[in-house]
Amino acid sequence: MKTILTIDNLNKIYGKRVHAVKNLSFTIEKGNVYGILGPNGSGKSTTLGIVLNVVNKTSGNFEWFGGTIATHDALKKVGAIIERPNFYPYMTAEENLNLVCKIKEIPFSKTAEKLELVGLLDRKNDKFRTFSLGMKQRLAIASALLNDPEILILDEPTNGLDPQGIRQIRDLIKLIASQGTTILLASHLLDEVEKVCSHVVVLQKGVMLYQGSVDSISSNDGFFELKANNMKNLETEVKQLAAVEKIVLEDEKMLVYLKSELEASELNDYLFKKGIILQHLVKRKHSLEEQFLQLTNHQS
């Protein structure tokens, strides 16, 4: 798989006290949607600023496309929105995008193509100042896509939007990704990352706590909900299992948390042989929110 971006031991220190990014390393592969997830002040925007050459790094390295081309040339293959959309309010959507095409030496034909992609072609003759915040954000995405970039970088793409605007941006991100564009977005919203991203990097206070697929962080080994006639006997027998990390009694049910893999059928067979017939057996996965809270609480 083609490597789009490699970050290696990246550091950014502001003044003497603020270590905004600490020894950060991860890789972006082509064809995925990556989320940098963390609360405000975790180093998300700083990291994006560094790889886009608008923030100077303190130490460490990053390279685009395997280091085969210089950063200046590589950034011509990158589309990015890291600040609020900056268009001329008295110009139409089409005029604003045509201006970007002129500056970047892109054919004007791309304007209609990208307006259609973001669902604004029917508003091409409307002035930018008449647009809602969500429409302005979609126009910004159209602008970032004019050069058909290999990767689209978005910093908090749904910030300040109403629920409808959030839904539209999320659907748009999925559509762009389905057409083969790699996406890297920074967000403090767990729901956003869970719904649109295939991979996630979790940051807190500049430190990376996790990197990998969203499925992996949200599945782990999960936990069981159990109920039987004799809960005391059930607890005694479940404690004997090596895969069990801890047991919590809650609302007349037993929550059995795992430290290694255990299938429901295995557990059921084991307890049946011990003379325990379960009235309730459900295996659940940890949500991304639960995993995120475990990671950040552990490091706080």
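**A walk through the predicted chain**

The chain has 11 helices and 13 strands. Both are DSSP runs: helices are H or I with at least four residues, strands are E with at least two, and numbering starts at the N terminus. This is a predicted model, in which local features need pLDDT of at least 70, side-chain atom pairs count only at pLDDT 80 or more, and totals for chains, interfaces and linings use all residues. Residues are numbered from 1 along each chain as its sequence is written, and side-chain values use heavy atoms, with hydrogens and water left out.

Along the principal axes, the C-alpha atoms fill a box of roughly 75 × 45 × 35 Å. The accessible surface comes to about 15,600 Å². Carbon and sulfur atoms account for 47% of that surface. Areas come from the Shrake-Rupley method with a 1.4 Å probe; for residues, only the protein chains shown count as cover. Of the 300 residues, 46% are buried. Buried means under 20% relative accessible area, exposed means over 50%, and partly exposed lies in between (1.4 Å probe, protein chains only).

Next, the contacts. A contact means heavy atoms within 4.5 Å. Among contacts between residues at least 6 apart in sequence, 67% join residues at least 24 apart.

Now the interior. In soluble globular proteins, nonpolar side chains tend to be buried together. The term nonpolar core covers a set of buried Ala, Val, Leu, Ile, Met, Phe, Trp, Tyr and Cys residues joined through side-chain atoms within 4.5 Å. The largest such core here has 44 residues. Those with the most contacts inside it are Leu139, Ile141, Leu152, Leu154, Ile173, Ile176 and Ile183. Take Ile173. Leaving aside neighbours within four places in sequence, Ile173 is in contact with Val33, Leu154, Pro157, Ile183, Leu185 and Val196.

A loop comes next. Gly180 is found between α6 (163-178) and β7 (182-187). With a relative accessible area of 34%, Gly180 is partly exposed. Gly180 and Glu29 are 151 residues apart in sequence, yet their C-alpha atoms are 12 Å apart in space.

Turn to charge. The chain carries 37 positive and 36 negative charges, and their mean positions are 5 Å apart. Lys and Arg count as positive, Asp and Glu as negative; His and the chain ends are not counted. Each charge is placed at NZ of Lys, CZ of Arg, CG of Asp or CD of Glu.

How many salt bridges does a search of the whole structure find? The search finds 15. A salt bridge is a side-chain nitrogen of Lys or Arg within 4 Å of a carboxyl oxygen of Asp or Glu. Asp126 pairs with Arg123, the closest N and O atoms being 2.2 Å apart. Asp126 is partly exposed at 27%, and Arg123 is partly exposed at 25%.

Lys227 and Glu252 meet in another salt bridge, at 3.7 Å from N to O. This pair links distant parts of the chain, 25 residues apart: Lys227 is in strand β10 (residues 223-228), and Glu252 is in the loop between β11 (244-250) and β12 (253-258). Lys227 is partly exposed at 28%, whereas Glu252 is exposed at 63%.

Glu235 bridges to Lys239, with closest N and O atoms 3.5 Å apart. Glu235 counts as partly exposed at 24%; Lys239 is exposed at 55%. Elsewhere, salt bridges that share partners join Lys110, Glu113, Lys114 and Asp148 into one network.
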